[in-house]
Amino acid sequence: MAEKNIESVLHEDRLFPPAPEFSQAAHVKGAEHYEALYDEAKADPAAFWAKLAGTELDWFKEWDQVLDWQPPNAKWFVGGQMNITYNCLDRHLKTWRKNKAAIIWEGEPGDSCTLTYAQLHREVCQVANMLKGLGVGKGDRVAIYMPMVPEAAIAMLACARIGAPHSVVFGGFSAEALRDRLNDAQCKAVITADGGFRKDKVVPLKPQVDAAIADNAAPSVESVLVVERTKQGVTMESGRDHWWHELKKEASADCPPEPMDSEDMLFVLYTSGSTGKPKGVVHTTAGYNLYTHMTLKWAFDIQDTDVYWCTADVGWITGHSYIVYGPLSNGATTVMYEGAPRPSNPGCFWDVVEKYGVTIFYTAPTAIRAFIKMGDEHPNSRDLSSLRILGTVGEPINPEAWIWYHRVIGAEKCPIVDTWWQTETGGFMLTPLPGAIATKPGSATKPFPGIIADIVDAEGNPVGDNEGGYLVIKHPWPSMIRNVYGDSDRFRKTYWEGIPPKGDQHFYFAGDGARRDQDGYFWVMGRVDDVVNVSGHRLGTMEIESALVSHPAVAEAAVVSKPDEVKGEEIVAFVILEGSEPAGDELSATLKKHVGKEIGAIARPGEIRFTDALPKTRSGKIMRRLLRNLASGQDISGDTSTLEDRTVLDRLRASS
Ligand code: PRX
């Protein structure tokens, strides 16, 4: 595999306008069209969303009130009833889309399948009935811990069909992390698989579920439904564990959608914060359906002829909103791929694009940087001419990666849609609309219509052009986080008190720093809290610190990140030992493994530095900024006036 160095600093200030013929054919047809939508939404957000809710979605009962905003609690479409699976499935069966491909799936070993809307509907109804048979009903939480197989999407939709909120846990999380999530949301059932295929290996899943719930450690779990994927052999506990394919034999395909109130919980999805354990982000039904539907339609300009592929895993919000709900609500064809580029097949993504004629491709900057390293020969040897729009998400994209994506993958003709959003926002907040907004490499451009975004200082005062500040949202939007599961206090403190309200004005605090340029384009700079972003995965440094400290050899730990050419950031842990185990490579490897076991491989530190002291302020707070600078090889001698013990610096420099 050819390895290339990515040029480190590219100065790029060109503007990339959409081609006129692209704009003409798009849903949103140009800058004026965008501005008209934006202004209309800004003048009366409730009226704007109500109009779209009426034309774009099907309802069992119309709402009485569009928005009930009692900060920080928003209710949208109050009194309305619907079921998101009706919008994602049933309504398409009444049209020609009945036999259109809903999901095209490609497995890593090369197996594949296509489910039409009619077939998907049938599968979802059967699994919904299977869940009912296991005693799962409206309001019961169901964990989904799956590889990237169609059954993962089917399981989510089956839960939504019967009104059982799902809690999807990324298959890369450990048994311990799964157990915490099962207990926090008190899940009644778990849907899993024997295992999945990842980078030419079998990743066991059912054994992790067994470990998570062994010895009554997750007492709410009554049943486990298991998809057979890898056939590696697993233990099934009679009465508790059931094979998916066995129950399906008996399951009826008739399952009317449960009428759901607009504000009934659709799902909970855990994400890392700067303090404490991961938070269960709660999303509700109607607002989430509307917002993911509209954002996908306008930002990716979804048309009936599109073959749309988002490379995320359904374990993340991107998979929820833009592999499953957004595309299916639009009646689109969504591609799911189980695999990842790997040494044995570095061109596998481009094979999928070529095989299915993918027209819209949505991935993360870390993947793009990895592709650059793998060499242009892989995409260049495939036919990528079907592509018409490219997307990116998860972290700021550096201009080098943007330009490569534009040139090598997009053949200089595909608009690049850089979408800034979060688990908590449910859908895209800042994004180009590809026929309407000229792009600038590295900028997520402008707010989606209906989103009132601003950049403010710590008191909530707007800052000037090109001055950095905190990114905030100043008006509720339909898919915003409704609560942190079981912890309204944390919800209020984290998101609504980061910037204190000013009179009636409440600020949703995103936790990101940003600036706005003279043309009104937003540039997101990255997190301003103790959250790190490794390969587009969001991790709390405190979570990793607690994992390290739970090892008997560790007395104290401080985790920061340093820049990484491919992953964006890499975790560096400073560790103070206790006991007699000697510092060294062996212990370093043990500790990395330990973090993997406690949280999952994605949280493993890239580097462990043993030290005998950590820099603290006089009030005892760890000075992470200083550690960050040290980790990335910068000078740490300046600005240490608040440091309690100055000798710590020399001892730290000596840390290895
Ligand atoms: O820091 C921002 C970064 O990812 C964070 C949200 O992470 P998560 O909830 O895991 O959701 C990721 C997928 C939506 C944000 O606070 N982020 C996400 N997209 C971008 C980004 N940073 C810059 N540009 C983006 N396009």
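Backbone, ligand shell and helix packing

Author: Pro72 sits in the loop that joins strand S1 (65-70) to strand S2 (73-78); strands here are DSSP runs (E) of at least two residues and helices are runs (H or I) of at least four, numbered from the N terminus. The peptide bond leading from Pro71 into Pro72 is cis, its omega being near 0 degrees. The model is a predicted one, in which local features need pLDDT of at least 70 and side-chain atom pairs count only at pLDDT 80 or more, while totals for chains, interfaces and linings use all residues. Residues are numbered from 1 along each chain as its sequence is written, and side-chain values use heavy atoms, with hydrogens and water left out.

Lys199 lies in the loop between strand S9 (195-198) and strand S10 (201-204).

Now the ligand. There are 17 residues around it, and Asp418, Thr419, Thr423, Asp512 and Arg538 come nearest; a residue counts as near if one of its heavy atoms lies within 4 Å. At least two residues of this shell come from each of helix H11 (317-329), strand S20 (416-419) and strand S25 (522-527). By class, the shell has six nonpolar, six polar and five charged residues. Here Ala, Val, Leu, Ile, Met, Phe, Trp, Tyr, Cys and Pro are nonpolar, Asp, Glu, Lys and Arg are charged, and the others, Gly among them, are polar.

The distance is 2.7 Å for Thr419, 3.4 Å for Glu395 and 3.5 Å for Pro396. The ligand taken alone exposes 540 Å², of which the protein buries 94%; such areas come from the Shrake-Rupley method with a 1.4 Å probe.

From the shell, H11 leads on to helix H10 (residues 285-299): the two axes come within 8 Å and cross at roughly 90 degrees. Axes are lines fitted to C-alpha atoms over the stretch in contact, and angles run from 0 to 180 degrees between N-to-C directions. H10 is therefore roughly perpendicular to H11, a label for angles of 65 to 115 degrees, with under 35 being roughly parallel, over 145 roughly antiparallel and the rest oblique. On the H10 side, Tyr288, Asn289, Thr292, His293, Thr295 and Leu296 meet His320, Ser321, Tyr322, Tyr325, Gly326, Pro327 and Ser329 of H11, where contact means heavy atoms within 4.5 Å. The residues of this contact are five nonpolar, eight polar and no charged.

H10 also packs against helix H4 (residues 84-93), with axes within 8 Å of each other and a crossing of roughly 50 degrees. H4 is therefore oblique to H10. Ile84, Asn87 and Arg91 of H4 touch Thr285, Tyr288, Asn289 and His293 of H10. This contact has two nonpolar, four polar and one charged residues.

Helix H13 (residues 365-374) and helix H15 (residues 399-409) have axes 10 Å apart, at an angle of about 70 degrees, and so are roughly perpendicular to each other. Ile368, Arg369, Phe371 and Ile372 of H13 make the contact with Glu400, Ala401, Trp404 and Tyr405 of H15. Six of the residues in the contact of H13 with H15 are nonpolar, none polar and two charged.

Methods: A polar contact is a pair of N or O atoms within 3.5 Å; within protein, one must be able to donate a hydrogen and the other to accept it, and residues adjacent in sequence count only if both atoms are side-chain atoms.
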